[in-house]
Amino acid sequence: MSTLKTYQVYPRIPTRLEFLETLARNMWWCWRLDAIELFRRVDPRLWERSGRNPIVFATMLEQDRFERGAGDEGFLAHLDRVQKKFEEEIKTSIDYSQTSYGWDGKVAYFSMEFGIHESLPFFSGGLGVLAGDHLKAASDLKIPMVAVGLLYREGYFHQHLDHEGWQQEEYPETDIFHLPVNRAKDPSGNEMVVTVNGPEGLIHAQVWVVKVGRIPLYLLDTNMAENPPQIRDITARLYAGESSTRLAQEVLLGIGGMKLLEQLNIYPTVCHMNEGHCAFVCIERMAQVMKTCGVDLKTAMEIVPRTMVFTTHTPVAAGHDEFPAEMARPYLEAYGKMLDTPVETILSWGQPGKKFDPQGKISMFVLALTFSQFCNGVSRLHGQVARQMWHHVWPDRPVQEVPISHVTNGIHIPSWISIENHMLFERYLGPDWYITNAQSDLSDRIDQIYNEELWRAREMSRSRLVRTCRTMMVRQQSRRNAPKAMIEEAESVLDPEILTIGFARRFAAYKRAYLLFMDPERLEKLINSKNRPVQFVFAGKAHPKDNEGKDLIRQVVQFSRRKGMRGKIVFLEDYDISIARQLVQGVDIWLNTPRRPLEACGTSGMKAAVNGVLNLSILDGWWDEGYCDKCGWAIGNGEQYQDNTYQDEVEARALYNILENDVIPTFYDRREGDTPDRWVEMMKASMKLVLKNFCAHAMIKQYESNYYLPAVENYNRLTSQGAEYASRLVAQRRRIQNEWSGIRVKPPESDISIPCRVGDTIRVTTEVHLAGLRPEEVEVELYYGPLKTVEELKDARIAKMQMSEDMGEGNFLYECRIPCEHAGRFGFTARVIPTGDDYLKHTPGFLTWA
């Protein structure tokens with residue numbers, strides 16, 4: 001039936017209930033419990049069957065159910081309460097001219113994926129969920145933000161396991177009419193279409209918009225009749241396997257995303273790239289700045305990097321996208337003319353060393369790094385790893401001075417908290433706890449919760465998880481056409497009364513799901529203990545091309561089928577936000593066994609912790625900075641090994657020892673009744689840890705103070721008065737580049753003649769030849785500290801040296817004094833950097849040592 005026409009019929013909503021339609025089309029509802037309960041109270045079972053999607057839910061209801069709702073005074077009171085809160089938080093206008101952002105200031109946030117809710121399937125895992133939490137928190141804090149991503153008709157794959165436990169992938173197409181998306185329109189009211197150049201012609205993309213509280217999320221979609229089939233498929237699947245499709249997606253996200261904003265007359269003051277996938281933003285933004293500010297390329301290159309934020313999530317160099325230069329060339333050919341520079345120069349911006357190699361690859365990380373003054377990892381340890389990994393870009397700098405800092409990820413707590421804990425927080429912390437939770441005095445009120453109350457909440461969450469697991473296991477067995485006996489067995493898996501340990505994450509080799517199974521006999525004894533039994537819930541997907549990860553899943557499933565293990569270890573298929581929410585709320589222990597330092601952050605552990613779930617983890621990612629013995633357990637002491645096999649053996653033994661000697665006895669210690677008081681005290685400490693230190697609101701405030709507002713200030717200063725200040729920076733950079741190679745620094749000398757004593761000061765001098773530069777154009781620094789090796793300092797410090805004598809012919813004498821504060825072996829040397837802001841100072845090559 002090739003002429004079949006389709007149309008969508010929505011229910012007719014009574015006037016008194018019209019707000020329900022507004023609510024359903026703004027994702028704000030998904031993080032406000034009262035709004036969720038408003039939908040759920042209509043028909044709880046149907047709400048679950050709809051996948052907790054208000055739009056699908058409405059189409060499943062009979063029309064008379066709406067009519068009855070319009071006459072239900074209790075329901076209407078609930079509706080009015082939610083509407084009032086919605087209008088307070090979302091509809092209240094903000095005069096941004098009275099803020100540091102200014103009346104037209106905007107932060108544009110780009111990400112390849114956004115995990116906002118399970119009903120919006122445009123995400124695969126932690127990167128997307130972090131992006132979703134970022135938008136929610138930005139909305140709560142009323143940050144002037146706009147977000148850009150891609151609309152994937154098939155999203156990320158759905159996972160099913162065959163009879164052997166081997167992962168199968170399925171890509172059902174999402175019904176666009178079941179999503180809270182609308183066609184985006186430009187200021188003239190026309191439906192938007194964005195066009196970018198591609199190797200086979202033009203790529204057209206329609207634009208959809210999703211409201212995430214106050215934040216508009218724009219999504220580009222190539223599934224248009226104007227495109228040939230291969231172009232339509234660009235946005236079919238998230239993280240397409242073919243590199244050509246992946247490149248097209250990243251070009252569309254970066255270049256197309258900036259063009260989209262231009263059509264809306266949005267010229268962001270700050271662009272935030274969530275991972276290197278977004279790096280092509282830099283190229284199009286350069287062109288837009290040149291056009292709107294009337295400046296040349298060199299001036300734009302002083303403006304753009306100082307207003308860009310780049311967050312990296314990948315602690316392995318091989319995990320960053322790279323594309324052959326010749327594959328990228330067709331997308332960038334037109335920019336040669338637009339930027340008035342050879343396309344080879346543009347391509348070189350994504351290559352280390354910035355010298356074009358036609359046989360080389362374009363690194364999305366290097367491209368993003370080249371144009372970002374503000375670059376960060378996502379935990380303290382990950383920041384250290386990233387600085388080490390990219391030290392080669394700044395080979396003259398000590399590793400600790402590589403300009404990659406960190407902002408530890410945080411979670412949007414209202415999106416992940418259980419209903420029982422939410423009610424406790426409202427009672428003890430106050431009704432606005434979700435906005436003010438980072439206040440230390442507020443989180444300390446957690447201690448006021450009665451142990452018995454918190455433990456009952458824990459038991460209810462565990463019972464709900466067990467019910468969910470049974471329902472899912474029955475569904476999984478039925479899908480495989482399992483015998484009736486196996487289906488009946490699935491109806492009674494797990495025990496709601498015993499210690500439940502969860503392990504849920506992407507199944508990749510470095511996550512080491514196998515660590516728990518390295519001593520099967522010891523594990524079986526733990527599980528089958530008569531007095532202190534343990535049970536496990538696993539979930540997670542392997543990448544479709546990762547057969548090693550798929551085999552790890554198969555091993556877990558096969559072990560769960562052993563005699564004596566059935567019903568005590570379960571694997572839940574098709575891990576998504578909904579399953580994650582159930583797990584972080586319902587288990588007692590959150591197990592994490594990555595190979596340090598390959599876990600960038602690991603926010604699932606935070607989600608568990610804020611629900612009173614105790615972490616048992618390798619000291620990696622966030623747990624390396626969050627761990628204390630009052631709120632969980634650490635496997636090892638942060639060691640890193642050269643021999644992976646030996647590391648696995650050591651840490652597997654440590655895992656079993658902690659389970660046997662600490663975790664299990666603490667859980668079952670009920671000497672004063674039914675409540676394990678020490679365990680509950682650890683639950684409270686765990687909750688306070690996340691409320692104070694790892695919430696998304698605190699994360700956003702750190703981004704704002706460290707990056708967004710300084711970038712806004714940079715933008716305003718650089719673009720005002722005809723970009724006069726930016727032009728001065730161009731001249732300064734040109735002068736430094738011309739003269740820098742002539743700088744010479746003689747080894748510094750001191751007045752040390754006898755052994756120093758604590759309390760003494762040392763006068764240090766050095767002679768510097770500045771070539772054609774003037775003393776005010778450079779900073780001469782003494783770099784000193786305790787010796788780590790004969791060639792390296794530990795915890796080095798910097799003292800600014802003052803020019804004390806003009807020796808003529810470009811030679812100057814500099815001096816400073818350093819205190820002897822501690823006994824030990826110390827060393828010092830001198831160096832020269834240019835005077836200016838951090839971006840200029842950190843330019844590779846602009847540093848000369850004695």
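Colleague: Leaving aside its neighbours within four places in sequence, which residues is G827 in contact with?
Modeller: The model is predicted, and contact means heavy atoms within 4.5 Å. Neighbours up to four places away in sequence are set aside. That leaves Y783, Y784, G785, L787 and L793.

Colleague: At what pLDDT do side-chain atom pairs count?
Modeller: Residues are numbered from 1 along each chain as its sequence is written, and side-chain values use heavy atoms, with hydrogens and water left out. In this predicted model totals for chains, interfaces and linings use all residues, but local features need pLDDT of at least 70, and side-chain atom pairs count only at pLDDT 80 or more.

Colleague: Where is G827, and why does it count as buried?
Modeller: Helices (H or I, at least four residues) and strands (E, at least two) are DSSP runs, numbered from the N terminus. G827 sits in strand 29, residues 826–834. Buried means under 20% relative accessible area, exposed over 50%, and partly exposed in between (1.4 Å probe, protein chains only). G827 counts as buried because its relative accessibility is 14%.

Colleague: How many Å apart are G827 and D648 in space?
Modeller: In sequence they are 179 residues apart. From C-alpha to C-alpha, the separation in space is 39 Å.

Colleague: How does the chain's radius of gyration compare with the globule rule?
Modeller: The chain has 31 helices and 30 strands. Its radius of gyration is taken over C-alpha atoms, and the globule rule is 2.2 Å times the number of residues to the power 0.38. For 850 residues the rule gives 29 Å, and the chain's value is close to that, so it is as compact as a globular protein of that length: 29 Å.

Colleague: What share of the residues in the chain is buried?
Modeller: The C-alpha atoms fill a box of roughly 95 × 70 × 50 Å along the principal axes. Of the 850 residues, the buried share is 57%.

Colleague: Which residues have the most contacts inside the largest nonpolar core?
Modeller: A nonpolar core is a set of buried Ala, Val, Leu, Ile, Met, Phe, Trp, Tyr and Cys residues joined through side-chain atoms within 4.5 Å. The largest has 151 residues. Those with the most contacts inside it are L23, F110, L332, L339 and Y708.

Colleague: How many residues does the second core have?
Modeller: This core is separate, and A513, F538, V613 and L655 are included in it. Its residue count is 103.

Colleague: Which strand pairs with strand 16 in the parallel sense?
Modeller: Two strands pair if DSSP finds at least two bridges between them. Strand 16 covers residues 534–539, and there are four bridges to its parallel partner. The partner is strand 17.

Colleague: Which residues cover the two faces of strand 17?
Modeller: In a regular strand the side chains alternate between the two faces of the sheet. Strand 17 spans residues 569–572, and the four named here are all buried. On one side are I569 and F571; on the other, V570 and L572.

Colleague: Which residue's backbone oxygen lies 3.0 Å from a polar atom of the R480 side chain?
Modeller: R480 is in the loop between helix 20 (451–479) and helix 21 (484–490). With a relative accessible area of 13%, R480 is buried. Its contacts beyond four places in sequence include D162, H163, R561 and E573. The backbone oxygen belongs to L161.

Colleague: Is Y152 buried or exposed?
Modeller: Y152 lies in the loop between strand 2 (145–150) and strand 3 (158–161). A polar atom of its side chain is 2.7 Å from the backbone oxygen of M112. The relative accessible area of Y152 is 0%, so this residue is buried.

Colleague: Is E809 buried or exposed?
Modeller: E809 has a positive phi, near 55 degrees, in a residue other than glycine. It is in the loop between strand 27 (802–808) and strand 28 (811–819). Its relative accessible area is 76%, so E809 is exposed.

Terms used: A polar contact is a pair of N or O atoms within 3.5 Å; within protein, one must be able to donate a hydrogen and the other to accept it, and residues adjacent in sequence count only if both atoms are side-chain atoms.
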